Amino acid sequence: MAVRRALYLCRVHLKELFRTPLFYAYLCLFYVYFHKMNSTTVLLQQETGLKINAWGYAASMFSTPVYTIVFGLGIVLIFSDLPLFRGNALFESTRCSRNVWVSGRILYIVGIAVFYTFVMAALCILTSHGAINDTEKWGKLLNTMANGYQIEELEGLLEISVNITGRYTPIQAFGLSFLTSALCATFLGLLMLLLSMSFGRTAALMGGSILSVLDFVIYWKLPYEVYHVSPLSLTRLNIICVPDMPYYPTLPYALTALIGSSILVSVLCVVVTHMNRSFADKILRNQY
Amino acid sequence: MYAIEALNISKSFRDQTVLDDVSLQVEKGKIYGLVGDNGSGKSVLLKCLCGILPCDNGEIRIAGKNMKPGKGKPPVLGIVIEHPGFLDSMSGWHNLKYLAGIRGIISDDQIKKALECVGLIGNEKKKVKKYSLGMRQRLAIAQAIMEDPDIYIMDEPFNGLDKHAVVDMRALFSSMREKGKTFLLVSHYAADIENLCDEVFEINEGTIKKGE
């Protein structure tokens, strides 16, 4: 019964999101971003006649620090209304236990995190339509870049190395990118839920934003060891697929850290909700 | 066994004592009123009874079930809180359907019946943002009664209702009393509820006494 109620709350909030105009505004924003980023690739294809593998292209783009910031801030935007207090939150909370209430939110975050990652990947591929193809090989352009040769037009837009092209097929690399990105989005959403319930929405937004830009700050200023505690860095194949680099996190570390921390934060969300004795009153006064 | 029983309830906010050793017994199948001036502590007492606010000391039993403060709400209560909130972009019908779906124990017909009881049939497809204050109040009453609980706790249930609607709601509550339902109605205006109630409590500066 409790699981059914939690799934019901999750489903309702997902539906609610699709009814929110802001959601479509975010989609347009991301479309413009990808369109702008991919215009260079489209132009290059027109000049050279060389197409890029679609999956490899998305995986390479997901590995760049600039994309990582956009991805992270997108998560912060989408989860900025956590813990999803609508006008009827009190009537909602009087119909289910606090465990069910918070479980509904956790399931919603997981659902949205996967959906968001899917949308970003789809936009990345769709906006470069014509410049990419769907083969099992990495292709000339990506292989050239992976071997350390600069392609001026794609510099900063894609990051790829032989550590990736040598070990994985394009679709495997994309799958890994997708998995780590979805896990990272889940972790950030759950963390924002926890911060929102413990310290308020401003703290959640600040926490999410700091973690979103942390990868970029490490890239420019901080020691590379800090990548271990930057969730968005753990989505970049160019970092987690580099062997023999003791200061870089490894792929098993990235997966363990993202899954483990998501579970830990979920448990903390349940504990915080359970321990908050004035929970419903806070909802009534919309204190979060 | 009482429907609602509060024993020696105390509640303070920082240095201010809002409820001071308050006890209250509500028998089954009756309508009780709780009146008091603004700031007398009636809404705080009501929130404690509903499980919305934990009390500092004392014990609350709902339908014989000992409710530890802050440990969730009993499933048998129909609650109307002051300034009821709904999803404004959805119709009254969809708001109730959504809330009913959480427990999943009633059908669409029962939701329709609740809307009929409060006189919202014909307006149920309108978006809540287009509802008047009185219509929102009726919708709040409909959400409280739709799952047919045995005990109702309502804060200012006639707030925003016009003269005719107040008469209708009084008739509704009376007919529900005949079916064995229990009500605790809270108001700052005694005339609102005293004709309807079997017994009225008066709350003043955190202490409670039976009304005359």
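Mentor: Start with a definition: two strands pair if DSSP finds at least two bridges between them. Strands (E, at least two residues) and helices (H or I, at least four) are DSSP runs, numbered from the N terminus. This is a predicted model: local features need pLDDT of at least 70, side-chain atom pairs count only at pLDDT 80 or more, and totals for chains, interfaces and linings use all residues. Residues are numbered from 1 along each chain as its sequence is written, while chains are lettered from A and ligands numbered from 1 in the order in which they are written.

Now the pairing. Strand β7 (residues 151-155) of chain B runs parallel to strand β8 (residues 182-187) of chain B, and 5 bridges join them. In β8(B), B:L184 stands opposite B:I153.

These strands belong to an open sheet of 6 strands. Its order in chain B is β6-β7-β8-β3-β9-β10, with mixed pairing. β6 (77-80) and β10 of chain B are the edge strands, since each pairs on one side only. On average, neighbouring strands are turned by 15 degrees against each other, direction ignored. Axes here are lines fitted to C-alpha atoms, for helices over the stretch in contact, and angles run from 0 to 180 degrees between N-to-C directions.

Helix α1 (residues 42-50) of chain B packs on this sheet. The helix touches β3, β6, β7, β8 and β9 of chain B. Its direction makes about 150 degrees with that of β7(B). Contact means that the C-beta atoms of two residues, placed from the backbone, lie within 7 Å.

Look again at B:I153. Leaving aside neighbours within four places in sequence, B:I153 is in contact with B:L46, B:L49, B:C50, B:L77, B:I79 and B:L184. B:I153 also belongs to the largest nonpolar core, which has 160 residues. A nonpolar core is a set of buried Ala, Val, Leu, Ile, Met, Phe, Trp, Tyr and Cys residues joined through C-beta atoms within 7 Å. Buried means 20 or more other C-beta atoms within 10 Å of a residue's own, exposed means 12 or fewer, and partly exposed lies in between; C-beta atoms are placed from the backbone. Together with A:A58 and B:A142, B:I153 touches the most other members of that core. The largest share of the core, 17 residues, comes from helix α9 (residues 170-199) of chain A. In soluble globular proteins, nonpolar side chains tend to be buried together.

Move along the sheet. Strand β3 (residues 31-35) of chain B pairs with strand β9 (residues 199-204) of chain B in the parallel sense, over 4 bridges. Within that pair, B:Y32 has B:E199 of β9(B) as its bridge partner.

β9(B) and strand β10 (residues 207-210) of chain B run antiparallel, joined by 4 bridges. There B:N204 stands opposite B:T207 in β10(B). The two strands form a hairpin with 2 residues between them. In the turn, B:E205 has a positive phi of about 45 degrees.

B:N8 has one of about 50 degrees although it is not a glycine, and its place is in strand β1 (residues 4-13) of chain B. B:N8 counts as partly exposed because it has 13 C-beta neighbours inside 10 Å.
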